[in-house]
Amino acid sequence: MRFQGSDRYVATPDLMLAVNAALTLKRPLLVKGEPGTGKTMLAEEVAQALGMPLLQWHVKSTTKAQQGLYEYDAVSRLRDSQLADAESVAKVRDIRNYIVQGVLWQAFTAEQPVALLIDEIDKADIEFPNDLLREIDRMEFHVYETRETIRAKHRPLVFITSNNEKELPDAFLRRCFFHYIKFPDAETMQSIVDVHFPGLKRELLSRAMKTFFDIRGLPGLKKKPSTSELLDWLKLLVAEDIPLEALQSADDKVAIPPLVGALLKNEQDVTLFEKLVFMQRHNR
Ligand SMILES: Nc1ncnc2c1ncn2[C@@H]1O[C@H](COP(=O)(O)OP(=O)(O)OP(=O)(O)O)[C@@H](O)[C@H]1O
Ligand SMILES: [Mg+2]
């Protein structure tokens, strides 16, 4: 099984290499990169390309590792125990009826090999990755309530994404294969845009790309626009049928692009950009 990219997702050779390395090593692939550079989509595309179902675990600041294994629903059991009918009595007696399987449990017990995405692991607290070391390493965990051990029938292909909001512990890193999705260069970006907008007018595209990379190159920008923002912006330019001249006049003067809110996401950045446009105009 090897990943070759897909017709909806542009994978650079080093990214394909990383996916295949993780497959060979049977270790999780830890993917980092700026927001909107296709980390989450990578897992979806690889799973699809390899014909594996994808189980997703979206991590939040309150997520605990245990929730990915199982949860014991004590409240339901207590409620059922207050009912007197025979069905409830029988149900309450077996604690297994109140064990709710988490996504790791489902991945471990699936009949076929599956892909598992642990998305945005850096959102949880620092204990979260540490609490999953053994599960990721040995692919098993113990259920104390029922005294059983759940072992993976097939080792899932694990993707872990991070936006770098927190450092991950060394012991956790040791168990992963790491890949940083670099921000796409102009050529790769062009291919990504082509995938999303196959019939886009070349001239509109090249002007929009120039504006986009100019904005990204502004020193001191708080939030650089990324791939997904360029795609949003292009979608708007097409939908609103924005004329070419609005993007950049023929004498190559810099102008504030229309619908800039798709690219710049805070007022400081918009002001910075306006100042630059103003200065360039005066220098001519
Ligand atoms: N290599 C690519 N090929 C095709 N589309 C891409 C690629 N990279 C990004 N995109 C587009 O950008 C969008 C955002 O990608 P995705 O949600 O995977 O980003 P992310 O890295 O997970 O971002 P975040 O860190 O904010 O979660 C995708 O829906 C897709 O349309
Ligand atoms: Mg994501």
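Helices (H or I, at least four residues) and strands (E, at least two) are DSSP runs, numbered from the N terminus. The views show a predicted model, in which local features need pLDDT of at least 70 and side-chain atom pairs count only at pLDDT 80 or more, while totals for chains, interfaces and linings use all residues. Residues are numbered from 1 along each chain as its sequence is written, and chains are lettered from A and ligands numbered from 1 in the order in which they are written.

**View 1. The hairpin of β6 and β7, with Arg147 in its turn.** Arg147 is placed in the loop between β6 (140-143) and β7 (148-151), and its phi is positive, at about 55°, although the residue is not a glycine. The two strands run antiparallel and are joined by four bridges, where strands pair if DSSP finds at least two bridges between them; four residues lie between β6 and β7 in this hairpin. Val143 stands opposite Glu148 of β7. Arg147 counts as exposed because it has 7 C-beta neighbours inside 10 Å; a residue is buried if 20 or more other C-beta atoms lie within 10 Å of its own, exposed if 12 or fewer, and partly exposed in between, with C-beta atoms placed from the backbone.

**View 2. Ala152 in the loop between β7 and β8.** Ala152 counts as partly exposed, since 19 C-beta neighbours lie inside 10 Å. Not counting residues up to four places away in sequence, Ala152 touches Phe108, Met139 and Glu140, contact being defined by C-beta atoms, placed from the backbone, that lie within 7 Å. The C-alpha atoms of Ala152 and Gln106 are separated by 9.3 Å, and these residues are 46 residues apart along the chain.

**View 3. Lys26 in the loop between α1 and β1.** Phi of Lys26 is near 55°, a positive value in a residue other than glycine. Lys26 is exposed because 12 other C-beta atoms lie within 10 Å.

**View 4. The largest nonpolar core, which has 38 residues.** Such a core is a set of buried Ala, Val, Leu, Ile, Met, Phe, Trp, Tyr and Cys residues joined through C-beta atoms within 7 Å. Ala115, Leu116, Ile118 and Phe159 touch the most other members. Among the elements that give two or more residues to this core are α1 (13-25), β1 (29-32), α2 (39-49), β5 (115-119) and β8 (157-162). Another core, of eleven residues, lies apart from it and includes Val193, Trp233, Leu234 and Leu264.

**View 5. The shell of 17 residues around ligand 1.** Pro35, Gly38, Lys39, Thr40 and Met41 come nearest to ligand 1, and a residue is near a molecule if its C-beta atom, placed from the backbone, lies within 6 Å of it. The elements that give two or more residues to this shell are α2, α10 (186-196) and α12 (227-239). By class, the shell has seven nonpolar, nine polar and one charged residues, where Ala, Val, Leu, Ile, Met, Phe, Trp, Tyr, Cys and Pro count as nonpolar, Asp, Glu, Lys and Arg as charged, and the others, Gly among them, as polar. Ligand 1 lies between domain 1 (13-67 + 102-180) and domain 2 (186-282), because both give residues to the shell around it; the domain bounds come from an automatic or database domain assignment.

**View 6. The contact between domain 1 and domain 2.** Five residues of domain 1 are in contact with four residues of domain 2. The side of domain 1 that touches domain 2 has one nonpolar, three polar and one charged residues. Taken over C-alpha atoms, the centres of domain 1 and domain 2 are separated by 35 Å.

Methods:
Two residues are in contact if their C-beta atoms, placed from the backbone, lie within 7 Å.
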